[in-house]
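Dear colleague,

Please find the structure below, with the sequence alongside. My notes on what was found follow.

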Amino acid sequence: MSCNKKVRVRFAPSPTGPLHMGGVRTALYNYLFARQHGGDFILRIEDTDSHRFVPGAESYIMESLKWCGITIDEGIDEGGPHAPYRQSERKEIYLKYALQLVGSGDAYYAFDTPDELNAIRAEAETAGKTFAYNYEVRTRLATSLALSDEEVKRRIAAGDQWVIRFKMPENEEVRMHDLIRGDVTVHTSTLDDKVLYKSADALPTYHLANIVDDHLMEISHVIRGEEWLYRALGWSDTQPEFAHLPLLLKPTGGGKLSKRDGDKMGFPVFPLQWTSPEGETSHGYREDGYFPEAFVNMLALLGWNPGTDQEIFSMDELIGAFSLERVSKSGARFNPEKAHWFNAQYLHAKSDAELAALYAPILKAKGVDAPAAKTARVIALIKQRATFVSDFWNLTSF
């Protein structure tokens, strides 16, 4: 792994709802990597999809990271040399680069309507083919590759809606090195010409905004995804290194862990309680009584192996021990019982006085006025049988 330049990583969630525990793990691994290398951890909010924006989601993301002890070096509240850190406040930047790609022949205007796209998609399906917007399609539709320059200018001047699409190279093998998965080869003929920019809302898509922002914010490592546009924009020399993380899997192992799994099996999948704009509430690890350090410890080991038998790690110990080389290539199965075990270990390690202070509000709510010293003595007798502070009442009420 090359660390010649300063390590700068980013966590870039979309404010489309509560932050899933898989997202928290991505943030955690980025944070551990940055801290281990004396680098910076940046929070960037990817809010260019205005149709999916959910009120309250952005503040939920920031509160979740704070609860987990993941501190941000540059971000919306913290500021920084590359502000603003909301993509919707950077939209003027992206059009410049989209037009640069059109000018270099690496992208093109597309004026096709949804009806035209549906017709050509139906044609492919009738022929038993999987539809892809690629080199076979782009000259059959109303694009700047098929229309004259005059017609393109006329349509833009007339206010016709357009998008800019990346012109994926034809029949080319792209070789990439992933810090977790090793060398990866992808054939461009299997890929779509991705939309980079939409005139309808004057906003870029994820594909363009991510690349531009990672370049301008001097991101050194992207611990999440892979991208294609660096070469076309002339940024190959400053391209980040990539690391693909394994999925978090259901307790049964069959597929990605979802909110539905938590609802069905009775465990949270979000760090904090979330109430949707429609009033639907989903419980969180914090409200269910988990200690943040137990939650973080549990998450860190879902996909990363320290190479020893040690299971209990403080944040400082995680920073010292973490390495991308020991992150698994395959999915990590979530075990709710193991989450309970981690919380119990942290509870048992706390002092009786500390637990008495945490138990005091529960006693007060039950109408019990007990001296702290007495509560601590009682807790000393039963804490090894408890998983959560909320268990104390059933064990001590008599």
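**Overall build**

The secondary structure of the protein consists of 13 helices and 14 strands. Please keep in mind that this is a predicted model. The C-alpha trace spans about 85 × 50 × 45 Å along its principal axes. Of the 398 residues in the protein, 47% are buried. Taking contacts between residues at least 6 apart in sequence, 68% join residues that are at least 24 apart.

**The four-stranded sheet**

Four strands form an open sheet in the order β3-β4-β7-β8, with antiparallel pairing. Strands β3 (107-110) and β8 (203-204) each have a single partner strand and stand at the edges, so one side of each has no neighbour in the sheet. Strands β4 (residues 163-166) and β7 (residues 195-198) run antiparallel and are joined by three bridges. Isoleucine 164 has tyrosine 197 in β7 as its bridge partner.

**The largest pocket**

The volume of the largest pocket is about 740 Å³. Its lining comprises 24 residues; those nearest the pocket centre are His20, Gly22, Gly23, Thr26 and Lys256. Which helix gives the most to this lining? Helix α1 (residues 21-36) does, with four residues. Sorted by class, the lining of the largest pocket holds ten nonpolar, eight polar and six charged residues.

Regards

Definitions and conventions:
Residues are numbered from 1 along each chain as its sequence is written. This is a predicted model: local features need pLDDT of at least 70, side-chain atom pairs count only at pLDDT 80 or more; totals for chains, interfaces and linings use all residues. Side-chain values use heavy atoms; hydrogens and water are left out. On a 1 Å grid over the protein atoms alone, a cavity is a set of points where a 1.4 Å probe fits but cannot get out, and a pocket is an open set with protein on both sides within 12 Å along at least five of seven lines; lining residues have an atom within 4 Å of a point. Grid points are joined across faces, edges and corners, and a volume is the space filled by probe spheres set on the points. Helices (H or I, at least four residues) and strands (E, at least two) are DSSP runs, numbered from the N terminus. Ala, Val, Leu, Ile, Met, Phe, Trp, Tyr, Cys and Pro count as nonpolar, Asp, Glu, Lys and Arg as charged, and the others, Gly among them, as polar. Two strands pair if DSSP finds at least two bridges between them. Buried means under 20% relative accessible area, exposed over 50%, partly exposed in between (1.4 Å probe, protein chains only). Contact means heavy atoms within 4.5 Å.
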